Amino acid sequence: MELDDRKLKILKAIIRNYLETGEPVGSRTISKDTDLKLSSATIRNEMSDLEEMGYILQPHTSAGRIPSDKGYRLYVDNMMEQKMSELNEKEKDLEDMKGFLVEKVEKVEELLQNTAKLLANNTNYATMISAPRLSNSKKLKFIQLSMLEEDKLLCVVVLEGNIIRNRIIPLKEEIDNEILLKLNILFNSSLNGLTLEEMNIGIISKMTGQAMEQMELVRDIIDAIGLALAGDEELKIYTSGATNIFKYPELSDNTKAQEIISTFEEKKMLTDLVIDTMEHAEGNGIQVYIGNETPVQTMKDCSVVTATYEIEEGVQGTIGIIGPKRMDYEKVVETLKTVKTQLDEAFKKQI
């Protein structure tokens, strides 16, 4: 069975009506909504075909239809394809958001918290935003090892973009300046220009073999460099508007709502969403997860739209909007594109 233009128009009409009302959509509603000039009987036949193809569902006998995840996915893909070029060109009408975000904010934490609140108020959905973190694609530029105290070694790691990370390494025994010089030469000649992913077992084995008596120390230094490159700090995620979930009947069931709100409070599962977004971000950086597509189990009844912002190459964060499957996708995508751009600018004012 083929999804022809007539079926596609009917499917879009069903989704538009359901997005607006949250109620199952019947054939009479579609006959008034479309320009196809078809009888209710013909529309019912087409709706039966769409149901058989998996694009719509009938929640109750004799009730209208609602979109399935497959139907939402087709709608979103079509909408993204048609609208993204327009969104790049047209003037944004969210001036209050733009004015707010470009103001100088003393702390990055305050900026992110305010952004999450503003998004929740603007969209009436739940929102999250992660602090920027270093990606594994950053290359190592320089390593400086120096004595801090008799039993402590300071490891300064300089990455692309002149990002500096420090680590203190405890020493089991004191080392002299000659050993320190050899270690500096070994690490800079072996690792400079590599990313964390490129530091494979072969390179590390070769280095420990050259270190001889300092083999254990070399391993400790490699671990410290790995932590510096990976950014071992806990990923900070700021959320707002979780109680907006109660505004949507399909999500306000006590069990569903409680699970979603717990996810926002604990934030551990949101980390999986941030990581998945960064791994799959491409093109405009917008990702749309519908139902089971989301990596967060408690959000299987929701749609999640995310954007990746980048304050400089390899330093990224994620903005996310979580709502019902019948969310206003066009508004959400436009809002995220605006915030993504303005957040980049706001961060540049901080740096």
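**Close-up views of a predicted model**

**View 1. The protein chain as a whole.** The protein chain holds 12 helices and 11 strands. Please keep in mind that this is a predicted model. Of its 351 residues, 48% count as buried. Among contacts with a separation of 6 or more, 63% join residues 24 or more positions apart.

**View 2. The largest nonpolar core has 75 residues.** Here we look at the members that touch the most other members: Leu 145, Leu 153, Phe 187, Ile 221, Ile 225, Val 305 and Tyr 329. Apart from this core lies another, of 20 residues, with Ala 242, Phe 264, Met 299 and Val 304 among them.

**View 3. Tyr 329 and its contacts.** Setting aside neighbours within four places in sequence, Tyr 329 is in contact with Leu 19, Tyr 72, Tyr 75, Val 76 and Met 79, and also with Val 288, Ile 290, Ser 303 and Val 305.

**View 4. Helix H7 meets helix H8.** The axes of H7 (residues 177-191) and H8 (residues 201-211) come within 11 Å and cross at roughly 160 degrees. Since that angle is over 145 degrees, H7 is roughly antiparallel to H8. The crossing of H7 past H8 is right-handed.

**View 5. Side by side at the H7 and H8 contact.** From H7 come Leu 186, Phe 187, Ser 190 and Leu 191, and they meet Ile 203, Met 207, Gln 210 and Ala 211 of H8. Six of the residues in this contact are nonpolar, two are polar and none is charged.

Key:
Residues are numbered from 1 along each chain as its sequence is written. This is a predicted model: local features need pLDDT of at least 70, side-chain atom pairs count only at pLDDT 80 or more; totals for chains, interfaces and linings use all residues. Side-chain values use heavy atoms; hydrogens and water are left out. A nonpolar core is a set of buried Ala, Val, Leu, Ile, Met, Phe, Trp, Tyr and Cys residues joined through side-chain atoms within 4.5 Å. Buried means under 20% relative accessible area, exposed over 50%, partly exposed in between (1.4 Å probe, protein chains only). Contact means heavy atoms within 4.5 Å. Axes are lines fitted to C-alpha atoms, for helices over the stretch in contact, and angles run from 0 to 180 degrees between N-to-C directions. Helices (H or I, at least four residues) and strands (E, at least two) are DSSP runs, numbered from the N terminus. Angles under 35 degrees count as roughly parallel, over 145 as roughly antiparallel, 65 to 115 as roughly perpendicular and the rest as oblique. A crossing is left-handed if the near helix is turned anticlockwise from the far one by less than a right angle, and right-handed if clockwise. Ala, Val, Leu, Ile, Met, Phe, Trp, Tyr, Cys and Pro count as nonpolar, Asp, Glu, Lys and Arg as charged, and the others, Gly among them, as polar.
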